[in-house]
Amino acid sequence: MKAPALSAGRKPSGSAGTARFCAVAAAVDPAALGVLLDERRRELARRSDVEDVFARAAEVARVYARWFEAQGHTCPLPGQIAAARSKGLPSIMPTVDTLLYAELTTGVLMGVQDADAIDGELRFDWACEGESFTGFRSTVTCVRDEPVVRDATAIVASVLQGPDRRTSVTKSSRHLVFTVYDAPGLPAEAFDAGVGVLRELLTAAGSEPEVSEVLL
């Protein structure tokens with residue numbers, strides 16, 4: 001599949017933080033993804049260093065948690081990693097499970113959208129005061145200079161407040177775009193590791209992922 005083009009808006013003066021925005025796009029077979037993820041979850045549970053995997057992920061997630069807290073939000077990653085550490089990785093549906101496996105084993109914040117629902121390119125941008133979009137559960141209202149991703153129609157995700165409903169993945173989604181988010185103080189190797197896990201999972205499930213990146 002052809003991945004949406006990426007672009008970036010003008011970074012607000014004095015805006016600390018994010019330096020990179022990456023998208024990993026692929027046409028997927030959910031059944032193949034499901035089989036692969038079942039295998040990977042079992043393999044992870046059997047690994048002698050599984051505690052180290054989650055400990056490293058938790059350390060990376062703390063970078064996001066500090067950033068979110070400074071902006072008045074709570075990052076979900078630390079709690080999700082703690083739950084996975086005690087109960088194992090969640091199983092929701094293969095397309096979502098791919099995202100969760102990559103996030104919770106690396107600690108890198110990501111998102112996923114249905115590429116067929118995206119209008120034009122994906123643009124990493126900063127919201128205007130009071131700008132809003134229809135979130136997965138309710139209307140999301142942004143503050144000035146809140147980091148967001150938008151297409152030609154509207155915001156598809158707030159980095160701090162989550163994705164929209166319009167481009168959310170469903171059981172029928174076959175063309176996916178995974179987004180990978182940077183954070184102030186995040187080591188470049190951690191960001192790259194998150195992208196690498198996504199790319200490897202999709203490839204192992206028979207997809208041909210296309211990776212694109214824009215500097216902010």
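## A buried threonine and its neighbours

Thr95 is buried, with a relative accessible area of 3%, where buried stands for under 20% relative accessible area, exposed for over 50% and partly exposed for what lies in between, computed with a 1.4 Å probe on protein chains only. Thr95 belongs to helix H4; helices (H or I, at least four residues) and strands (E, at least two) are DSSP runs numbered from the N terminus. Leaving aside residues up to four places away in sequence, Thr95 touches Val28, Val169, Thr170, Ser173, Leu176 and Phe178, a contact being heavy atoms within 4.5 Å.

The model is predicted, with local features requiring pLDDT of at least 70 and side-chain atom pairs counting only at pLDDT 80 or more, while totals for chains, interfaces and linings use all residues. Residues are numbered from 1 along each chain as its sequence is written, and side-chain values use heavy atoms, with hydrogens and water left out.

## Val28 in its loop

Val28 sits in the loop between strand E2 (20-27) and helix H1 (30-46), and it is buried, with a relative accessible area of 9%. Beyond residues up to four places away in sequence, Val28 touches Leu33, Thr95, Ser173, Arg174, Leu176, Leu202 and Ser207. Val28 and Leu176 are 148 residues apart in sequence, yet their C-alpha atoms are 7.3 Å apart in space.

## Packing of H2 and H4

Two packed helices are described by the angle between their axes and the distance between the axes. The axes of helix H2 (residues 50-70) and helix H4 (residues 94-106) come within 6 Å and cross at roughly 85 degrees; H2 and H4 are therefore roughly perpendicular to each other, a term covering 65 to 115 degrees. H2 contributes Val53, Phe54, Ala57 and Val60 to the contact, and H4 contributes Leu104, Thr105 and Thr106. These contact residues divide into five nonpolar, two polar and no charged.

## The chain as a whole

The protein chain contains five helices and 11 strands. Its radius of gyration is 16 Å, close to the 17 Å that the globule rule gives for 216 residues, so the chain is as compact as a globular protein of that length; the radius is taken over C-alpha atoms, and the rule is 2.2 Å times the number of residues to the power 0.38.

Buried residues make up 50% of the 216 residues in the protein chain. Among contacts between residues at least 6 apart in sequence, 72% join residues at least 24 apart.

Methods
Axes fitted to C-alpha atoms, helices over the stretch in contact; angles between N-to-C directions. Parallel < 35°, antiparallel > 145°, perpendicular 65-115°, else oblique. Nonpolar A, V, L, I, M, F, W, Y, C, P; charged D, E, K, R; others polar.
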